[in-house]
Amino acid sequence: MYYQIMKKSLLFIMSMAMLATFGCSDDDNKAPWEELPSGPITGADAMITFNGDRSYGSVQIKADNSSKGVINVVNVLPGYPEVTMDVDMAQQPDGSFNVTGATTLDTPPCMLPSSKSDEKLVIYNLSVEGNVTTQGKADMNFKAVLADNVQNHVTGTWVLAEYLPLTPEGMANAPVQVSWVTKSGGVEMDARLSAMASLLAGNIVYQMLKSVTFSPDGNVTALYSSGFDLVTFMEAGVDKQQGRYIHVNNDWKESPRNLAFWYSPGNYLCVTPYMPNIMAQIAIDNGEDPDLNNGALPEMEKQLLEKLAQLGVDVSVLMENFEYWNKNGIPLQIVRSDYNSMSLVLDEKMIDSAVKAVIPALDKLDEKLAEMIAADPNDPVVKLLMTEIMPELGINKLADLGSLWINDTESFTIALKLNRAH
């Protein structure tokens with residue numbers, strides 16, 4: 001009897017032990033760091049900032065243990081479609097984990113997520129501080145500072161030069177300086193062509209751009225005016241007695257951050273507009289939620305290219321020319337005699353393909369101009385173009401500019417002259 005009781009008791013204890021062993025799930029034995037989400041955290045669950053401003057994209061964390069891990073961020077850091085970095089982790093009383101880390105970004109920022117550059121150059125020193133929860137919530141703050149080797153005394157705020165390009169002295173201190181040398185025009189004609197192109201382009205730029213700031217975090221921002229009235233610009237914005245431009249518009253606005261970036265390798269300033277953030281800002285301006293815009297960029301690109309094609313732009317040539325710019329930024333040569341002024345220069349070799357892509361659109365612009373002349377030959381814009389601008393440029397129609405560029409241009413440079421703000 002005693003043996004039977006002991007045998008049954010032993011069987012009961014073994015059964016309970018086995019039930020306890022196999023009845024507990026693996027999840028019950030997981031450490032807190034193993035409970036962190038393994039997939040991307042996106043949308044409203046990913047509260048991410050870049051240099052203090054909201055950024056949109058996803059973050060994914062792979063915890064190696066309770067103190068070390070790796071995070072992967074996609075479409076969060078402007079110009080860098082995907083970044084992976086090692087991080088330190090520290091568990092908090094609420095079960096979440098604080099995350100900290102630092103790395104360098106050693107490729108140039110790109111315009112589009114599909115355009116990562118293969119060039120090696122340390123651009124940014126990047127750091128992150130944040131928190132991630134086992135419920136799939138992430139709060140991450142990324143900070144970036146341009147490396148010293150790519151700041152090149154460009155960092156700061158710059159204002160446009162203001163003199164009219166009607167004299168050699170004025171040309172040297174004009175906001176836009178065009179030098180256009182043709183094969184057949186002669187010195188006098190080339191000087192007139194260059195002066196008129198400089199006057200027209202300089203007026204437009206001067207009236208629409210007050211200053212530009214190159215921040216140490218890589219941001220490019222500007223004080224700008226969105227109002228455009230060519231006739232008013234030419235009539236009220238040019239003071240020939242003082243030999244300088246006068247601002248017509250004073251409703252200056254500050255451009256949002258994280259839309260365009262810069263770095264300066266050697267004697268070049270590379271500017272990178274970052275299209276995903278530009279599209280997100282457009283959504284914000286339209287009252288839409290950028291968190292809901294995931295995957296919409298390719299469709300927006302397609303629509304933009306279709307519109308350009310409808311205007312006559314050779315989109316295939318344009319995209320070939322932009323391939324390098326997409327990956328490395330738009331390269332502007334820096335010319336300066338001191339650190340308080342600089343000219344940002346483009347020459348015909350740098351822009352030839354882009355200009356040739358746009359030339360086919362000039363025929364459509366001529367058609368539009370003909371319609372304007374037929375509707376009202378005294379229209380102020382028509383009169384300005386037909387009686388002042390086109391004669392000074394030596395052309396009878398806008399399409400002649402295309403022929404001039406392709407068949408008669410020997411050399412061409414265009415420079416933006418900036419002075420350091422004090």
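Student: What do the buried residues of helix 9 pack against?

Tutor: In this predicted model, the buried residues of helix 9 pack against helix 8 (348-358), helix 10 (380-393) and helix 11.

Student: Ok, and which residues of helix 9 are the buried ones?

Tutor: They are Ala361, Leu362, Asp366 and Leu369.

Student: Where do those sit when you look down the axis of helix 9?

Tutor: Seen that way, the buried residues of helix 9 fall within an arc of 145 degrees, so they line one face of the helix.

Student: And what's on the other side of helix 9?

Tutor: Over there Glu371, Ala374 and Ala375 are exposed.

Student: How many residues does helix 9 have, and how far does it reach?

Tutor: Helix 9 has 15 residues, and from its first C-alpha to its last it reaches 22 Å. That is close to the 21 Å expected at 1.5 Å a residue.

Student: Let's do the neighbours. At what angle do the axes of helix 9 and helix 11 cross?

Tutor: Roughly 155 degrees, and the axes come within 7 Å of each other. Helix 9 covers residues 361-375 and helix 11 covers residues 399-408. An angle over 145 counts as roughly antiparallel, and helix 9 and helix 11 are therefore roughly antiparallel to each other.

Student: Which residues make that contact?

Tutor: From helix 9 you have Leu362, Asp363 and Asp366, and from helix 11 you have Ala399, Leu401 and Gly402. Sorted by class, the contact of helix 9 with helix 11 has 3 nonpolar, 1 polar and 2 charged residues.

Student: What about helix 9 and helix 10, what angle do they pack at?

Tutor: About 115 degrees, with the axes of helix 9 and helix 10 9 Å apart. Leu369, Met372 and Ile373 of helix 9 meet Val381, Val382, Leu385, Met386 and Met390 of helix 10.

Student: What classes are those residues in the contact of helix 9 with helix 10?

Tutor: The count is 8 nonpolar, no polar and no charged residues.

Student: Is tyrosine 206 buried or exposed?

Tutor: Tyrosine 206 is buried, with a relative accessible area of 5%. Among the residues that tyrosine 206 touches are Leu160, Pro175, Tyr245 and Trp252. Its C-alpha is also separated by 9.5 Å from that of valine 159, 47 residues apart along the chain.

Student: New topic: loops. Where is proline 109 found?

Tutor: Proline 109 is in the loop between strand 7 (97-105) and strand 8 (124-132).

Student: And is proline 109 buried or exposed?

Tutor: Proline 109 is buried, and its relative accessible area is 0%. Leaving out residues up to four places away in sequence, proline 109 touches Pro78, Gly79, Tyr80, Ile123, Tyr263, Thr272, Lys327, Asn328 and Gly329. Proline 109 and asparagine 326 are 217 residues apart in sequence, with 8.8 Å between their C-alpha atoms.

Student: What about the loop between strand 9 and strand 10, what's the phi of histidine 153 there?

Tutor: Histidine 153 has a positive phi of about 60 degrees, although it is not a glycine. Asparagine 152 is in that loop between strand 9 (138-146) and strand 10 (156-160) too, and asparagine 152 has a positive phi of about 55 degrees, again without being a glycine.

Student: How accessible are they?

Tutor: Asparagine 152 is partly exposed at 25% relative accessible area, and histidine 153 counts as partly exposed at 44%.

Student: Strands now. Which strand is alanine 222 in?

Tutor: Strand 13, which covers residues 220-224. Alanine 222 counts as buried at 16% relative accessibility. The residues that alanine 222 touches include Leu209, Val212 and Glu254. Glutamate 254 is 32 residues away along the chain, and its C-alpha is separated by 5.7 Å from that of alanine 222.

Student: Last one, how many helices and strands are in the chain?

Tutor: There are 11 helices and 21 strands. The chain has 422 residues, and 42% of them count as buried.

Definitions and conventions:
Residues are numbered from 1 along each chain as its sequence is written. This is a predicted model: local features need pLDDT of at least 70, side-chain atom pairs count only at pLDDT 80 or more; totals for chains, interfaces and linings use all residues. Side-chain values use heavy atoms; hydrogens and water are left out. Axes are lines fitted to C-alpha atoms, for helices over the stretch in contact, and angles run from 0 to 180 degrees between N-to-C directions. Helices (H or I, at least four residues) and strands (E, at least two) are DSSP runs, numbered from the N terminus. Angles under 35 degrees count as roughly parallel, over 145 as roughly antiparallel, 65 to 115 as roughly perpendicular and the rest as oblique. Contact means heavy atoms within 4.5 Å. Ala, Val, Leu, Ile, Met, Phe, Trp, Tyr, Cys and Pro count as nonpolar, Asp, Glu, Lys and Arg as charged, and the others, Gly among them, as polar. The expected span of a helix is 1.5 Å times one less than its number of residues. Buried means under 20% relative accessible area, exposed over 50%, partly exposed in between (1.4 Å probe, protein chains only). The arc is that of the directions from the helix axis to the C-beta atoms.
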